[in-house]
Amino acid sequence: MGYLKGFAITGKQIGKPKVTYQYPEEKRPKPERFHGRHVLSRYEDGMEKCIGCELCAGVCPARCIYVRGADNPPDAPVSPGERYGFVYEINYLRCIHCDLCVEACPTEAITDSKLFEFSFTNREDAIYTKSELVVDDEGKPKHLPWEDWKDGDDRNTSGWVRATSPSGNAAYEGKVLWSGELGYGVRPPQAGQSDPDAADYPASWDISIRESNAGEVKGVGVRSERPKAREPHPVHEGEHDHGHRPEAHGDH
Amino acid sequence: MGDPLFNHGLSFAVALIVIVKTLIVFVMLLVSVLFMIWYERKVISWMQNRYGPNRAGPYGLLQSVADGVKVFFKELFTPSNSDRPLYRVAPFLALVPAFLTFSIIPLGGTIRVAHHTTRLQLVDPPWGILLMLVMSSTAVYGVMLAGWSSGSKYPLLGSVRASAQMISYEAALGLSIATVVVLTGSLYTSAIVGHQHGLLHYRGTTVPLPAYNVFRSWLVPFVIFIIAITAEMNRPPFDLVEAEEELSGGFMVEYSSVGFALFYLAEFMNVITNSAIIVTLFLGGPDGPRIFGNSVGPFWFLVKEFVFLFTYVWLRATLPRFRYDQLMDLGWKRLIPASLGMLLFVAAVQTGDRPWVFGVAGGLIVGGLLLGRALAVGKQATEIETRTEKVG
């Protein structure tokens, strides 16, 4: 009875674990490079990274960033360069969290936290000023009264989030291409990108979603555990063109 | 037959009992609709690996109450193009039949209240089950007038579909009810239920099955009835009337606030009422084994009712919507001939002697007539087609 097959399928779902998150009480882990509320980073010596170049404001499609640069005072410089961000404001009523500012920034000054639960109740609170955006003396983002910070929301807020292999070129994997940072030093690079199967298995946060949910969900087309480490991918002769991405190497 | 309450004329006590019964049924129905809305959302969520409503009250039970309160405080919007009186009346035309149909459902045997014996049934009129047909025809007007009076396009399309659909399936519905009436020999719903008591007898032997009409009518009218009544109340998979993707809500696009709430109420009331009708017609209503020597009609009624409530949610969770031509195809080419044939067959079995010969002969005659008519119509249509081709 082919007609009844569908009923069996829907009927069987009743006892299965639910995939819904009970949101305010239960929150799903966020991706490593989540586009959240911005922070302005500082170097390890406490100097601000922002040089007031206004590239972020120029690239912003929502025109939500307002920056004014000023010459560093010679006796007490704010940033290591010639100039520094004198005024820095982001209007979060306009920001679309596209992260073009983060990509445009030449000094990795503006980066992301993973915070998205900040519901201000008036328009003035929506405009974050420089003092609210710059990290504190321990390198942690400042916590404002209306922000709901969770564990891990302030993790990896630095140039680290921008790239582990710039321009997607795996040749740069494992190389540190970002500056050090107050409170953390130079962060180590993320590993695992040259694995030829990297594109096949879900990101770590994706696995944790499914595991946190009372058993694995089968048949969604997702491998619920990371496959065992394989032999290093053999490099064939004549395959040295740099535009070649590791995923495109075919079957092995 | 009829309610023994009126055997000794109408007195104040009798009137009071009737009023109390009416109130009880009314309140019970309203509460069960609130429950049904919650239940449908919950079960459909489970079938889609979700939790469903779980915020308002324990297990989200008060969700429908919260939604109801909210919807009644919304703006009652009337489109400027609408036909105002009809626009206002239409939701009630959909709701009232759903209420009224439930009044003929027998919920149990008789009880004694203050020296009066009365049935656990609001009314038991001699025309009985015909009331259900009357009311389902009236409900068409609710949907039709709602679409017409809204004065906009999508509701109109929805209501045109609705009237075509509901009228088409009413034929199959009526024919399968006729099968039951043929079996029972009475229109009283209490008689239909009473007749299904005991064990099944077939040509002198006792079959270890209850004598429910679902078995006595050879199952087919039961299936046809379920399909037809689902189409009749515009539930999925026959919800072309409010097809979200095509008509963005169909006949009730323009309704807000109370009007919307009434349509919503009517839909779920219909689910409850029509499940009760199915139970009454085909599954013996409140009939069932005694528990500890007590007759527990209402309990068995609720158990059976619940099975069908679940079935309706299950249907909605499983089946995609029919295409319009498939709907008409199923109604006219499958259900109506099948129910007509089954009516003839069951009637033949009832007559006793040589039922198969009688049934086959009757089926052949009807089938031949239908086929002849269909061929004639087809020929005519082809002629018209070729004619227009020549002109064009």
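## How to read the model

Because the model is predicted, local features need pLDDT of at least 70 and side-chain atom pairs count only at pLDDT 80 or more, while totals for chains, interfaces and linings use all residues. Residues are numbered from 1 along each chain as its sequence is written, and chains are lettered from A and ligands numbered from 1 in the order in which they are written.

## Chain A at a glance

Let's begin with chain A, which has six helices and five strands. Here helices (H or I, at least four residues) and strands (E, at least two) are DSSP runs, numbered from the N terminus. Read from the N terminus, the order of elements is α-β-α-β-β-α-β-α-β-α-α.

Of the 252 residues in chain A, 21% count as buried. A residue is buried if 20 or more other C-beta atoms lie within 10 Å of its own, exposed if 12 or fewer, and partly exposed in between, with C-beta atoms placed from the backbone. Among contacts in chain A with a separation of 6 or more, 69% come from residues 24 or more positions apart. Two residues are in contact if their C-beta atoms, placed from the backbone, lie within 7 Å.

## A three-stranded sheet

Chain A holds an open sheet of three strands, in the order S2-S3-S5, with antiparallel pairing. Strands S2 (65-71) and S5 (127-128) of chain A are at the edges with a single partner strand each, so one side of each has no neighbour in the sheet. Two strands pair if DSSP finds at least two bridges between them.

S2(A) and S3(A), residues 83-91, are joined in the antiparallel sense over seven bridges. Within S3(A), Gly85(A) stands opposite Gly69(A).

## Two helices of chain B

Helix H8 of chain B (residues 220-232) has 13 residues, and its end C-alpha atoms are 18 Å apart, which agrees with the 18 Å it should span at 1.5 Å a residue. The expected span of a helix is 1.5 Å times one less than its number of residues. H8(B) is mostly covered, with 10 of its 13 residues buried; among them are Phe222(B), Ile224(B) and Glu232(B). The cover over these buried residues includes helices H4 (130-149), H5 (153-184) and H12 (324-351) of chain B. After H8(B) comes Asn234(B), with a positive phi near 60 degrees.

H12(B) has 28 residues and reaches 39 Å from its first C-alpha to its last, close to the expected 40 Å. At Leu335(B), H12(B) bends by about 30 degrees, and Pro337(B) follows within four residues. The bend at a residue is the angle between axes fitted to the seven residues ending there and the seven starting there. Leu335(B) is also one of the buried residues of H12(B).

## Domains and the chain contact

Chain B is divided into domain 1 (74-117 + 126-352) and domain 2 (355-392), with bounds from an automatic or database domain assignment. Taken over C-alpha atoms, the centres of the two domains of chain B are 31 Å apart. Their contact takes eight residues from domain 1 of chain B and seven residues from domain 2 of chain B.

Finally, 10 residues of chain B are in contact with 10 residues of chain A. On the chain B side, helices H1 (12-47) and H11 of chain B are the elements that give two or more residues, and H11(B) gives the most, with three residues.
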